[in-house]
Amino acid sequence: MLEVARYHADAKGCIAPEAVDAWARDGLLVIEDFVAADICQDLINAADSQVANFDAREAATVFSTATHEHAASEYFETSGDKIRFFFEEGVFDTSGTLQIPKEQAINKIGHALHDLDPTFQAFSYQPRLAVLAHQLGLVDPLLLQSMLIFKQPSIGGEVSWHQDGSFLYTVPQSVTGFWFALEEATLENGCLWVLPGEHARGLRSRFRRIDGRLQTEALPGAPDFDDTAKTPLEVPAGTLVVLNGLLPHYSAPNHSQKSRYAYTLHTISATAQYPKDNWLQRNDSFPLRSLGARTDCSNANQI
Ligand code: FE2
């Protein structure tokens, strides 16, 4: 099985030229020790307190069987500029009552933690990320989306093979994912799997609004995912995995007794076109913000 190389960033967020080469070649980059242990813990605590303050009775109206399809899709579609809570499969009864404690039942929080929660905001707009993004060739990155993915013990579900560019489509393709392991990710608790280099074969599908309904549309001539080279990314807490928006990735269910908290950020380029039929639309009064100023690493002590 292919081993994906691991790199490090310095205190400014600068990386070695070999890491930039790996990013271009593989469509992904693994940077260990990007997030200090105390910051990981702060983010875990902030996520847990979001869940603690969430009134799960709100969910009953959204996820009860009677209103399920329409209300649940509306709840998702209007979450781009809010903090909302999404559940694992099968955790509600027919009346919309949770069958297990909310702390175990929530699959993820999305999609504007980076603009609405002070802890996630400070983390997301940190200068090191802007420096790194610049080194990776991202042009005028704007922070579009954030998620906290819990992958709770025994219940955290699978995320099937996909490319982020299908969901956050721009012309030209510009979406880039920053996936932070807040806890160790292993084969047992559902680490990421990737297909290194497969970003070069283009986008397979688009998830977009067609006739008022969100649907997945296969793109003409798109090849199937070739998963013969699928590679697991078992990483320690604090690792950042950067993903080209065309890089196929997947994560398995969590069958272990350990959670697998991860925080994800997605950027797009301010110079790219963002279509109106993408699922995620922000209110005009709440525009996307830049990741930050360009900085170059030419004088940095690269590692
Ligand atoms: Fe993804």
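Asp-211 is exposed, with a relative accessible area of 78%. Asp-211 also has a positive phi of about 50 degrees, although it is not a glycine. This is a predicted model. The points below cover backbone geometry, aromatic contacts, charges over rings, and strand pairing.

- Asp-211 is placed in the loop between strand E9 (205-210) and strand E10 (213-218).
- Ser-154 also has a positive phi, near 70 degrees, and is a residue other than glycine.
- Ser-154 sits in the loop between strand E5 (141-149) and strand E6 (159-162).
- The relative accessible area of Ser-154 is 48%, so this residue is partly exposed. Asp-211, at 78%, counts as exposed, because exposed means over 50%.

**Cis peptide bonds**

- The bond from Gly-110 to His-111 is cis, and its omega is near 5 degrees.
- His-111 belongs to strand E4 (residues 106-111).
- The bond from Val-171 to Pro-172 is cis as well, with omega near -10 degrees.
- Pro-172 lies in a loop, between helix H9 (164-167) and strand E7 (176-181).

**Aromatic pairs**

- The structure holds 14 aromatic pairs.
- One of them joins Phe-54 and Phe-87: the centres are 6.2 Å apart, the planes are at 40 degrees, and the pair is tilted.
- Phe-54 lies in the loop between helix H2 (37-53) and helix H3 (57-63), and Phe-87 lies in strand E3 (residues 83-87), so their pair ties together parts that are 33 residues apart in sequence.
- Phe-54 counts as buried at 5% relative accessibility. Phe-87 is buried too, with a relative accessible area of 13%.
- Phe-123 and Phe-180 form an edge-to-face pair, at 4.8 Å centre to centre and 75 degrees between the planes.
- Phe-123 is in helix H7 (residues 118-124) and Phe-180 is in strand E7, so this pair links distant parts of the chain, 57 residues apart.

**Charges over rings**

- Lys-230 lies over the face of Trp-193, at 5.4 Å from the ring centre.
- Arg-282 lies over the face of Phe-286, at 4.0 Å from the ring centre.

- Strand E14 (residues 262-269) is mostly covered, with eight of its eight residues buried.
- Ala-262, Thr-264, His-266 and Ile-268 point one way from E14. Tyr-263, Leu-265, Thr-267 and Ser-269 point the other way. All of these residues are buried.
- E14 pairs with E5 in the antiparallel sense, over eight bridges. Gln-145 stands opposite His-266 of E14.
- E14 also pairs with E7 in the antiparallel sense, over six bridges. Here Phe-178 stands opposite Leu-265 of E14.
- Strands of a sheet pair through backbone hydrogen bonds, in a parallel or an antiparallel sense.

**The four-stranded open sheet**

- Four strands make up an open sheet, in the order E6-E13-E8-E11, with antiparallel pairing.
- E6 and strand E11 (231-233) are the edge strands, and each pairs on one side only.
- From one strand to the next, the twist averages 25 degrees.
- Strand E8 (residues 192-194) and E11 run antiparallel and are joined by three bridges.
- Leu-192 has Leu-233 as its bridge partner in E11.

Technical notes
Residues are numbered from 1 along each chain as its sequence is written. This is a predicted model: local features need pLDDT of at least 70, side-chain atom pairs count only at pLDDT 80 or more; totals for chains, interfaces and linings use all residues. Side-chain values use heavy atoms; hydrogens and water are left out. Helices (H or I, at least four residues) and strands (E, at least two) are DSSP runs, numbered from the N terminus. Buried means under 20% relative accessible area, exposed over 50%, partly exposed in between (1.4 Å probe, protein chains only). Rings of Phe, Tyr and Trp (its six-membered ring) pair if their centres lie within 6.5 Å; planes under 30 degrees apart count as stacked, over 60 as edge-to-face and the rest as tilted. A charge sits over a ring if NZ of Lys or CZ of Arg is within 6 Å of the ring centre and within 35 degrees of the ring normal. Two strands pair if DSSP finds at least two bridges between them. Axes are lines fitted to C-alpha atoms, for helices over the stretch in contact, and angles run from 0 to 180 degrees between N-to-C directions.
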